[in-house]
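Dear colleague,

Please find the structure below, handed over for your use. My findings on one helix and on the pockets follow it.

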Amino acid sequence: MSAETTAAAAAAAGPVLEMDGLWVSYGRTRVIDGLTLAVPRGSVFALLGRNGAGKSSLLRVLLGQRPPAKGRVRLLGEDPWAHRTRLMARVGVVPEEPDAPPEMTSVQLSAFCARLHARWDGGAVAERLRRFEVPLDRPFGSLSKGQRGAVSLALSLGHSPELLLLDDPTLGLDVVARDAVFREVIGDLADRGTTVFVSTHDLQAIEGIADHVAILHGGRLALAGKLEALKAERGLSLEQIFASVAGTRTADAAVTEVRS
């Protein structure tokens, strides 16, 4: 076996995302401070934090949209800043604010994306849009926020990515639309081994879905591990764990409950 083949096999067996001593800064403002974290292949991994905790800034570095100020990051075993173009062929992304040419319909967007990817399953995209009840003949710009998010999710999965990254995908959605997004994650992606990395502050929605969690607070990693193990160890719900490590007003109630 060649050295190149051995390296490829090692990357395939290792974590999908790795961060080691990662710093992210804007000028003199540091938003991520010394983050070390690994995302296991095949997991549904939730990155939790309040607005301003640094979640979106971290995702930009993970996707190779900006370099880290310091430290090391690996996406599917490679440096995303150096190899972004080829890595994006293996990654699906759903941004916080779904964006597409406003005059194009969902069908036209799918056809456009098909020209960008060597592998594209237009039938699967159409089926997801049908399940999400998205009108196929309406321009993207005239859709509701929930419908635009559904289109973004369907398109992000059209090339069967190994990794799906979602940046607060339920922000501003009603309960029905939120549940539809996460049902897709449970029913279709986790079952076939696609790794899902979701940044969110929606603790209630993610608790029954994620198997691993990490909590960012003040730009630093406050806690990380397997969700059920963390809950069993502390005897707390995810919401109570988050409150206790993020220094919120409800932290005292969580601590009191543990002691009682």
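In this predicted model, the buried residues of helix H6 are Gln 147, Gly 149, Ala 150, Val 151, Ser 152, Leu 153, Ala 154, Leu 155 and Ser 156. Helix H6 is thus mostly covered, with nine of its 12 residues buried. The helix runs over residues 145-156, and at 1.5 Å a residue it should span 16 Å; the end C-alpha atoms lie 16 Å apart, so the two values agree.

The largest pocket holds about 810 Å³ of space. Its lining comprises 30 residues, and those closest to the centre are Val 93, Val 94, Pro 95, Ser 152 and Ser 156. Ser 152 and Ser 156 are also among the buried residues of H6. At least two lining residues come from each of helix H2 (55-62), strand S5 (91-94), helix H4 (106-114), H6 and strand S6 (163-167). Strand S5 contributes the most, namely four residues. Sorted by class, this lining contains 19 nonpolar, seven polar and four charged residues.

The second largest pocket has a volume of about 280 Å³. It is lined by 15 residues, of which Phe 132, Gly 146, Val 176, Ala 177 and Ala 180 are the closest to its centre. Helices H6 and H7 (175-189) each provide at least two residues of this lining, and H7 gives the most, with five. By class, the lining of the second largest pocket consists of eight nonpolar, three polar and four charged residues.

Yours sincerely

Definitions and conventions:
Residues numbered from 1 in each chain as written. Predicted model: local features only at pLDDT ≥ 70, side-chain atom pairs only at ≥ 80, totals over all residues. Heavy atoms only, no water. Expected span 1.5 Å × (residues − 1). Buried < 20%, exposed > 50% of the residue type's maximum accessible area, 1.4 Å probe, protein only. 1 Å grid on protein atoms, 1.4 Å probe; cavity = no way out; pocket = protein on both sides within 12 Å on 5 of 7 lines; lining within 4 Å. Points joined across faces, edges and corners; volume = space filled by probe spheres on them. Nonpolar A, V, L, I, M, F, W, Y, C, P; charged D, E, K, R; others polar.
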